[in-house]
Amino acid sequence: MRKPILLLIAIVCFFVAPSMAFATDLPRVMIVGEDADPDTVPRNSRVFKRVLNAISNEMVNLGFDVKDETALTHTTHAQGRTRRNDAELIQIAKDAGIDVLCIFSIYPNAKANQNSVRVTARIEGRLLSVWDGSRMGNFESEPQQYQLVPRPYSRNDVLEAVGKLSKIIGSDVGAVLADRLDQYHPEGGGSDSGGGSGGSSGIGSSGRLLEWTLIFDGFSDDDMLDVEDYITIFTGYDSHRPKSNALNTSSHHEMWYKTSIDSSHLKRNMVRMLRKLNMKGRVYISGNEVKIVKQHRVKQRRKQSNSDW
């Protein structure tokens, strides 16, 4: 065996402390509308704003950290753009440090006859994990009844009718998506009162599994054998494997790593791992990427002195 059994037990006890409890990160959520389809309501419409507020209220009611797009991006991004597609929305979310996007679209429908106009709307919503691209759920709602707009009517009357109906539907969509997000991040999910021994039963193991990209720069193949002995006994550990679309060499290693502990806990474990391995290094976190750079000691080569003189 490469490591003594007693040392391994000591390491497990060090990283799995039953008396401590860590919850997974509460995600930063941003609610945005995808209005690239010309059949959808644009984001500068009063109908759009009523739906956005309705969905936001459902998220806030469950205690989620909902961020306002304009407040986060008014100094860095062009404001007032409409007909934005998924790619633009995801890039904005990454620039703003958002974890989960709640994306919705509003499809209005109006049927007119000689007496009145009947309006309705269908709303689609979905949750997207920004950093790892995981789809976290979707839902759409369409009422069975129309909203009547009696004649004579104006454009304002139609918009108010669509807005009133869309607000109700938006609350329904928001409630379903908020409940789905709550299943990924349950309240108190990380407070595991019992003991654990690595794997999926450690601290915070009841939280959502997150896929991280771990980058080890300057680590030899032998170093990585020692590293893997540690990362597999971290609390919340689920699985890991080499990153298939990365350039892995004898001194540069990238892998996908699934765990339920939060970013701060993962960084602390990496720093402690370096200390235990008697290595010097730096740990950086950006998004779902953790980069560990090993600092090599400079070897001094000196001319040997002649002991006879």
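In what order do the five strands of the open sheet sit? Here are some notes to read alongside the structure, which is a predicted model.

1. The open sheet first. Its five strands are arranged as β8-β9-β7-β11-β10, and their pairing is mixed. At the edges you will find β8, residues 237-242, and β10, residues 280-286, each of which pairs on one side only. If you look at how neighbouring strands of this sheet are set, they are turned by 20° against each other on average, ignoring direction.

2. Next, please look at β7. This strand covers residues 210-217 and is joined by five bridges to β11, residues 289-295; the two run parallel.

3. Is β7 mostly covered or mostly open? It is mostly covered, since buried residues make up six of its eight. As background while you turn the model, side chains in a regular strand alternate between the two faces of the sheet.

4. Helix α6, residues 221-231, lies across β7, β8, β9 and β11. Its direction is at about 10° to β9, the strand at residues 252-259.

5. Helix α7 is the other one, spanning residues 263-276. The strands it lies across are β7, β9, β10 and β11, and it runs at about 165° to β10. So that the angle is read as intended: angles here go from 0 to 180 degrees between N-to-C directions.

6. Finally, the chain as a whole. It contains seven helices and 11 strands. Its length is 309 residues, of which 40% count as buried. The chain exposes about 17100 Å², with carbon and sulfur atoms supplying 48% of that area. Taking contacts between residues at least 6 apart in sequence, 71% join residues at least 24 apart.

Definitions and conventions. Residues are numbered from 1 along each chain as its sequence is written. This is a predicted model: local features need pLDDT of at least 70, side-chain atom pairs count only at pLDDT 80 or more; totals for chains, interfaces and linings use all residues. Side-chain values use heavy atoms; hydrogens and water are left out. Two strands pair if DSSP finds at least two bridges between them. Helices (H or I, at least four residues) and strands (E, at least two) are DSSP runs, numbered from the N terminus. Contact means heavy atoms within 4.5 Å. Buried means under 20% relative accessible area, exposed over 50%, partly exposed in between (1.4 Å probe, protein chains only). Accessible areas come from the Shrake-Rupley method with a 1.4 Å probe; for residues, only the protein chains shown count as cover.
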